Amino acid sequence: MTSAKETRHLMMRANRLLGPALVERDLISLQDLERATERLLELTARGEPRECTLLGVLAHELKVVRETDVLRRSVEIDGIGLVDLRAVEIPEELRKEFDSGECWATWTVPFDRESGFTCLASAYHLSPAVRAHWEKRAGGPVLWYGTTLGEIAELLGKAVPAGAA
């Protein structure tokens, strides 16, 4: 389980490293990133995990990138798969292992285990901090899948309320 301080640090790091990855892949401009970062700091002060998303600010508030473009780039460059979380039922034993705080902080959810691989659905796959956290946390090999912020939020909202373990 992660403490509130660790979760906040993870969330800030995930967002901070997502921005440059989006700029590097020509999905947003540096000016867009600066505006979105300012807005994210305002949202972070509120303390609502589902609002603390740089990608959400960029895609839904500023409308400078579409989530589908981010997902497409991850599929093309990184070769990850896509998953529709609306059709996924997380196994009970896996559900007990994950902490909702780290899922909200990284916009990533472990959703299956197959032949020793942990399957991770993420809207933040481009963030090196997210990949490093989950690859360490999984304790073994991982298979990455892209998904949307909305699907992550819907799944987490059903599984466990924000901030609960």
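A: In this predicted model, the largest cavity is lined by Val70, Leu71, Ser74, Ile80, Ser122, Ala123, Tyr124, His125, Leu126 and Gly146. Its volume is about 40 Å³. H4 gives the largest share of this lining, with 3 residues. By class, the lining of the largest cavity holds 6 nonpolar and 4 polar residues. It has no charged residue.

The search of the whole structure turns up 2 cavities of 30 Å³ or more. The second largest cavity holds about 30 Å³ of space. Around that space sit Leu85, Arg86, Glu151, Glu154, Leu155 and Lys158. Here the classes are 4 charged, 2 nonpolar and no polar. So much for the cavities.

Next, an open site. The second largest pocket has a volume of about 170 Å³. Its lining consists of Glu6, His9, Leu10, Arg13, Ala129, Ala132, His133, Lys136 and Arg137. Two helices, H1 (4-24) and H7 (128-138), each provide at least two of the lining residues. H7 gives the most, with 5 residues. The lining of this pocket splits into 4 charged, 3 nonpolar and 2 polar residues.

H1 also packs against another helix. Its partner is H2 (residues 30-46), with the two axes 10 Å apart and at an angle of about 165°. Roughly antiparallel means an angle over 145 degrees, so H1 is roughly antiparallel to H2. The crossing of H1 past H2 is right-handed.

Most residues other than glycine have a negative phi. Lys63 is not a glycine, yet its phi is positive, about 55°. Lys63 sits in the loop between H3 (54-61) and H4 (67-78). H4 is also the helix with the largest share of the lining of the largest cavity. The relative accessible area of Lys63 is 63%. Exposed means over 50%, so Lys63 counts as exposed.

Trp107 likewise has a positive phi, near 50°, and is a residue other than glycine. Trp107 lies in the loop between helix H6 (100-106) and strand S2 (108-114). The relative accessible area of Trp107 is 2%. Buried means under 20%, so Trp107 counts as buried. Both residues have a positive phi, but Lys63 is exposed, whereas Trp107 is buried.

Terms used:
Residues are numbered from 1 along each chain as its sequence is written. This is a predicted model: local features need pLDDT of at least 70, side-chain atom pairs count only at pLDDT 80 or more; totals for chains, interfaces and linings use all residues. Side-chain values use heavy atoms; hydrogens and water are left out. On a 1 Å grid over the protein atoms alone, a cavity is a set of points where a 1.4 Å probe fits but cannot get out, and a pocket is an open set with protein on both sides within 12 Å along at least five of seven lines; lining residues have an atom within 4 Å of a point. Grid points are joined across faces, edges and corners, and a volume is the space filled by probe spheres set on the points. Helices (H or I, at least four residues) and strands (E, at least two) are DSSP runs, numbered from the N terminus. Ala, Val, Leu, Ile, Met, Phe, Trp, Tyr, Cys and Pro count as nonpolar, Asp, Glu, Lys and Arg as charged, and the others, Gly among them, as polar. Buried means under 20% relative accessible area, exposed over 50%, partly exposed in between (1.4 Å probe, protein chains only). Axes are lines fitted to C-alpha atoms, for helices over the stretch in contact, and angles run from 0 to 180 degrees between N-to-C directions. Angles under 35 degrees count as roughly parallel, over 145 as roughly antiparallel, 65 to 115 as roughly perpendicular and the rest as oblique. A crossing is left-handed if the near helix is turned anticlockwise from the far one by less than a right angle, and right-handed if clockwise.
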